Amino acid sequence: MSSSSLALTITPSYYLVLAAALFTIGAVGVLVRRNVIVMFMSVELMLNAVNLTFVAFASALDDTAGQVLVFFTLTVAAAEVAVGLAIIVAIFRRRRGMTADDLKVLQG
Amino acid sequence: MARDLLDFVGIVPLLPLIGAAVLLLFGKRIGEPVAGWIATGLMGAAFVWSLVMFGAMLSLPEDARSNVSVTFKWLHVDQLDVQFGFLADPLSITWILLVTGVGSLIFLYSIGYMHGDPNFGRFFAYMSLFAGSMLLLVLGSSFLLTFLGWEGVGLCSYLLIAYWFERNSAAVAGKKAFVMNRVGDVGFLIAMFILIAEFGSLDYSTMGANAMGASKAVSTAIALLLLVAAIGKSAQIPLFPWLTDAMEGPTPVSALIHAATMVTAGVFLIARAHPFFEASGDAMTVVAWVGGLTALLAGGAALLQPDIKRVLAYSTISQLGYMFLALGVGAYTAAVFMVLTHAFFKGCLFLGAGSVIEGNEENQDMRIMGRFRKFLPYTAIGMSIAWLSISGIPPFAGFWSKDSILESAYLSGDYGPWIVGLLAAIFTAGYMTRLIQLTFYGNERFRPGEAEHPAPAVSGGSDDDAATAQGAGATATLDPETDPADAIDPADTEDALGYDPDFSPTVSFVEPPRTTRLGDHDPREAPIVMVVPILTLAFLALVGGLMNIPIEGLEFLDEWLAPVFAGVQQPHPESFAQGFVLEAISVAFALVGITIALLLYRRGLRNAAADPLRDRTGPVGPTLGHAYYYDEGLAAFTDGPGTKTAVFLDETVDQRIIDGGVNGIAKLIRQGGLGLRKLQDGYVRRYAIGILLGVVALLLFLVAYVAR
């Protein structure tokens, strides 16, 4: 088992490409799906893609600031989930199922 | 101590303003005669306080006789700082003494004159408001406060001319006065704008230095614009017709506003702002000529008026012309002197005329008067003194003031205004002699039988005049067919209003002599409250000259006003002999006028419809009687091209261009908004796309520009 054949160095760009792919999937998910829960998950995906970017850069640049920012993002995301799910539950109770387009009724 | 006292000069305008407020609120309830006594009492108190101010000022050394008392900060905008302050100096103290002194006499007189008027309280409210505004005007420490008073007196003038507003001619005359004054006010406003732009200050305290440092063009512009304002307020050419129509107001109003006080505001303004006029020079010449021509032309117009008050109105315009003439030749003291003596004799004449009108059942037509001295002895004495005074006969007050003006005009080296002034002196003596002779002397023409059968008119000019009688003049009598009051019983209306709305007391030049309203009883003398002011003013018209006798040591007014006009070289006779000769010349001219008028009118009128002077002057007579057809021309112009221009400006410029532009912009924005509204359609995913695209655009921008 020669180590030379496994000379696959994992550079930061791998992480960044992965993060970009995840972010794109999330963004498209938000845009094309009408199910609010799925849209919600897509948003989470986008947030975590950003987290991945932060960590990748933190490691590459040897700077912990990026890791610190991830904690902030996680905290905000947790709060957002709590509020967002509460809204979704409230709407579900009223309307017995919904899609994002149903929110048009809020237009006034 | 004296200076501390002068800080309370603001009390002077405050007193009549309090009176105005009380009477406006409760005038109806207070009623006659208490409302009149309240107003008169407050005015008298203001006079007493003015005397205190005068004493305080006298006790100060001459070079310290100027005190500004700031009440509060009025305006503060960027660099401009305007204080609400009062300026007490010899000039303003002179004026407050005049306004409150003559004012209280006229207020007292009004208690008698307005007796029985249902709106007694309202009358005194307006009069008090007027006095308060006038006092603010003269006491203001800046152009802005003066302007406030300026507008206040304009408003009160309107309210009081149109006091009998049910009478169409009075309502029209009020509006005319207001509009003509407004033309002048524009000049005042623009002058203030220039002052702010050039010096950033409206205060009088810095005015002298500002004028010194200003360029000649700026000084001339400011001076001429202030002159426009003064022309409007003081009824000079070309803005004079409103003053004769102002005779529609009650006679005390004519006396107070249109003879003694308000119309002198223009003289005050020029005297106050004299540094700009001095710095300009050219503006002074304009002032002198405006004044001289006004004195001459208005004097001519007064010669043939049949209406006693209209003669006095033209006379006022003419005398104001003299004051402007004096200002124009730099003789400020002479102008102020004339303001004072004019207030005495013209106040007396107007109050006397009021007494004649009142004692004669509202008849103002001199052609059906005559020999009133038998029935109104005190009025006759008072008015005769005023007559000699205004004509310029020594030793009456008017002689000293008019002579000092003519003397200054001669000494200024510009003989044009001097000659014009001398000619005007003939007219002055002429029309005033005619007035006195027709009213108080000659034959009796007020008996009913005599006026009912007037002989046919012999003069050539009177036939075509009748056609223009209903011409465009604002005093044209009301057409009875268009009057809604016609349907109601006239007697009821008269009871409710206190006057007959269809009856116009003013007699126009073209009207045939009126029928007497006296019935078979005689004219009667006025009550004591009216006689006392007349005789007091007559006394002042007799001795007022003592204020400024041109003999070394007796020139009190000169010395008193010297601090105000310090640094100005006022014309002064070089020797006693020179002064004496000039005096003799002006007296000679006055005597010429009196003699001619006496020869013509000594016996009164043989025929009420024919005026001897008019018969002898041919086509000149009607021209003078119509005041050179100026009013008619103005009316024709306003009716024709004026209306057309206004309609064009309204329909085309205002409605189409300006309104169209504004409405067009509004429409554009509305349409744009309606279009943009479609973007907000409520689909959350579409908003998300918007956000995404926005973020992408921002990123692209950052990459393209900022990161580079």
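Let's start with helix α11 of chain B, residues 251–260. This helix is mostly covered: 10 of its 10 residues are buried. Buried means 20 or more other C-beta atoms within 10 Å of the residue's own, with C-beta atoms placed from the backbone. Helices are DSSP runs of H or I, at least four residues, and strands are runs of E, at least two, numbered from the N terminus.

A word on the source. This is a predicted model: local features need pLDDT of at least 70, side-chain atom pairs count only at pLDDT 80 or more, and totals for chains, interfaces and linings use all residues. Residues are numbered from 1 along each chain as its sequence is written, and chains are lettered from A and ligands numbered from 1 in the order in which they are written.

Back to α11(B). Its buried residues include Val253(B), Leu256(B) and His258(B). What do the buried residues of α11(B) pack against? Helices α4, α5, α6, α10, α15 and α16 of chain B. Contact here means C-beta atoms, placed from the backbone, within 7 Å.

Next, α12 of chain B, residues 265–272. Here 8 of the 8 residues are buried, so the helix is largely enclosed by the rest of the structure. Among them are Phe268(B), Ile270(B) and Arg272(B).

Now the whole chain. Chain B has 29 helices and 2 strands. Of its 708 residues, 53% count as buried. The C-alpha trace spans about 110 × 70 × 50 Å along its principal axes. Take contacts in chain B between residues at least 6 apart in sequence: 83% join residues at least 24 apart.

Definitions and conventions: A residue is buried if 20 or more other C-beta atoms lie within 10 Å of its own, exposed if 12 or fewer, and partly exposed in between; C-beta atoms are placed from the backbone. Two residues are in contact if their C-beta atoms, placed from the backbone, lie within 7 Å.
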